[in-house]
Amino acid sequence: MDKILNYIDGKLVEPISGNYLDNYNPSTGKVYSLIPDSDKLDVNIAIQAAKTAFVSWSKTPKQERSNILMKLADTIEKYSDDLIKAESKDNGKPESLAARVDIPRAPANIRFFAGAILHDSSQIHDMDGMALNYTLRKPLGVAACISPWNLPLYLLTWKIAPALASGNTVVAKPSEVTPMTAYLLSKICIEAGLPKGVLNIVHGLGAKTGDPLTMHKDTPIISFTGGTITGKHIATVTAPMFKKVSLELGGKNPNIIFADADFDKAVSTASRAAFTNQGQICLCGSRLFVEETIYERFKKALIAKTSKLTVGDPKDPSTNLGAVVSKDHMEKILTKIKLAENLGGKVLIGGKRKIIEGNLKHGYFIEPTVIEGLSFDCDINQEEIFGPVVTLIPFKTEEEVIEMANSTKYGLAASIFTENISKGHRVAASIDSGVVWINTWLLRDLRIPFGGMKQSGVGREGGFKSLDFFTEPKNVCIKI
Ligand code: TXE
């Protein structure tokens with residue numbers, strides 16, 4: 001059985017305790033590898049290695065840091081096929097999705113920030129010739145990067161790339177549910193010649209590994225993506241330590257379909273937004289608001305579209321939905337579907353676990369599910385489900401749909417479908433969310449500020465926002 005190792009000070013090492021956790025393949029429901037059950041001792045050694053490496057990495061000229069990161073990106077690309085297979089096996093997602101999204105975006109993230117540091121500039125404030133202020137930006141030290149299981153390698157690189165590019169060193173803790181591609185990345189870092197200690201990856205549970213990492217006195221900066229409850233915990237424990245924290249948390253994103261939308265485009269994009277990655281993307285559109293006059297027609301078209309989606313072997317190129325990430329998560333999603341029915345919701349299609357005969361018989365597959373008949377303010381339409389489940393809600397007016405869309409505690413993303421330009425802009429301006437798409441979904445530009453309002457997060461990452469986050473501004477004032 002494969003044994004995943006920690007990556008500390010440039011070496012692959014066992015956890016000091018010698019303890020390991022089981023790692024499951026969600027498509028088969030079987031254990032296929034072991035993860036270090038790391039604890040405070042491993043975390044402390046990793047932080048010390050990162051702290052030592054910071055001395056020279058932070059002074060390495062930008063061009064050289066950029067070259068090293070470009071080489072890392074090239075080496076990731078060299079192993080794309082292995083990474084695609086590993087991500088799919090570890091997470092349950094279709095290989096075709098990992099090949100289209102997860103894996104190509106990892107080197108793209110690294111190249112983007114390796115280039116961005118070369119084009120960054122600092123501010124100067126002239127005081128009418130009497131004095132001049134200029135602002136230096138310096139890395140902070142050891143960044144703690146904690147990433148989730150839904151887009152494992154992609155979101156890990158989204159954090160470590162700007163942290164490293166701006167001269168910090170990193171201790172990363174990938175999700176214990178999907179550790180494999182982070183482990184492969186450690187081997188890739190060694191092959192690419194990343195200086196030792198610059199990136200360290202410690203595997204393990206949130207409470208045993210994540211907590212000592214975030215609470216350590218020598219991790220002044222934390223970038224976290226994960227659940228809102230964990231985000232709240234990290235915000236609480238780190239506030240008295242005055243750490244710089246960026247939190248990217250959950251979402252309950254509205255997709256709003258007006259009657260004047262391009263109908264076919266709206267149906268197919270709404271379906272993609274609901275079910276991509278089995279609905280396990282924080283940006284998924286899980287609440288579908290449809291203008292009353294086209295509601296029945298839209299509902300019929302969405303059901304027809306959903307009925308054509310294939311749930312099956314992630315290795316099969318024709319598969320649209322693979323397995324959800326874990327048994328616990330599958331059970332949580334199925335419980336939510338039951339609750340929806342108890343609350344008076346009608347399951348229009350799906351709603352059940354899907355058993356695939358053969359060696360995937362014990363896999364965690366769920367049918368794509370469409371539910372109607374629930375009030376906008378019930379639990380199902382307020383709390384994140386994070387699975388292949390979408391609810392349909394009719395609306396009459398622009399004012400009404402804005403109120404319903406904004407009714408949750410989240411504010412991450414929204415999509416609006418209309419051919420009326422003014423309406424699109426007007427509604428976009430009224431929606432409480434960090435990201436709004438008009439007539440599209442998941443169209444990402446790495447330069448944009450990315451993050452959520454309300455309980456979807458704190459701070460923004462992306463483009464120069466990431467470089468700002470991972471550096472500390474220092475103003476110097478010169479009297480002339
Ligand atoms: O996330 P956790 P979970 C949502 C989604 C999901 C729910 C819970 O609704 O059902 O969150 O998922 C680490 N100190 N999202 O429980 O626990 C953990 O080890 C430091 C949305 O899997 O937040 C992992 O590396 N770290 C989300 C990371 O936090 C801790 C993606 C995320 O896991 C920790 C995933 C602690 N005390 C889930 N406890 C999105 N925004 O995309 C846990 N961790």
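This briefing covers a helix pair and a ligand site. The model is predicted. Two packed helices are described by the angle between their axes and the distance between those axes.

**Helices H4 and H5**

- Helix H4 spans residues 95–119, and helix H5 spans residues 152–165.
- Their axes come within 8 Å and cross at roughly 10°.
- Angles under 35 degrees count as roughly parallel, so H4 is roughly parallel to H5.
- On the H4 side, the contact includes Asp-102, Ile-103, Arg-105, Asn-109 and Phe-113.
- On the H5 side, residues of the contact include Pro-152, Tyr-154, Thr-157, Trp-158 and Ala-161.
- The residues of this contact divide into twelve nonpolar, two polar and two charged.

**The ligand and its surroundings**

- There are 26 residues around the ligand.
- Trp-149, Glu-176, Thr-230, Lys-332 and Glu-384 come nearest.
- A side-chain N or O atom of Glu-176 lies 2.6 Å from an oxygen atom of the ligand.
- For Glu-384, a side-chain N or O atom is 2.7 Å from a ligand oxygen atom.
- Leu-249 uses its backbone: an N or O atom there is 2.8 Å from a nitrogen atom of the ligand.
- On its own, the ligand has 820 Å² of accessible area, and the protein covers 85% of that.

Conventions:
Residues numbered from 1 in each chain as written. Predicted model: local features only at pLDDT ≥ 70, side-chain atom pairs only at ≥ 80, totals over all residues. Heavy atoms only, no water. Axes fitted to C-alpha atoms, helices over the stretch in contact; angles between N-to-C directions. Helix = DSSP H or I, 4+ residues; strand = E, 2+ residues; numbered from the N terminus. Parallel < 35°, antiparallel > 145°, perpendicular 65-115°, else oblique. Contact = heavy atoms within 4.5 Å. Nonpolar A, V, L, I, M, F, W, Y, C, P; charged D, E, K, R; others polar. Near = heavy atom within 4 Å. Polar contact = N/O pair within 3.5 Å; in protein donor to acceptor, adjacent residues only side chain to side chain. Areas by Shrake-Rupley, 256 points an atom, 1.4 Å probe, with all protein chains shown as cover.
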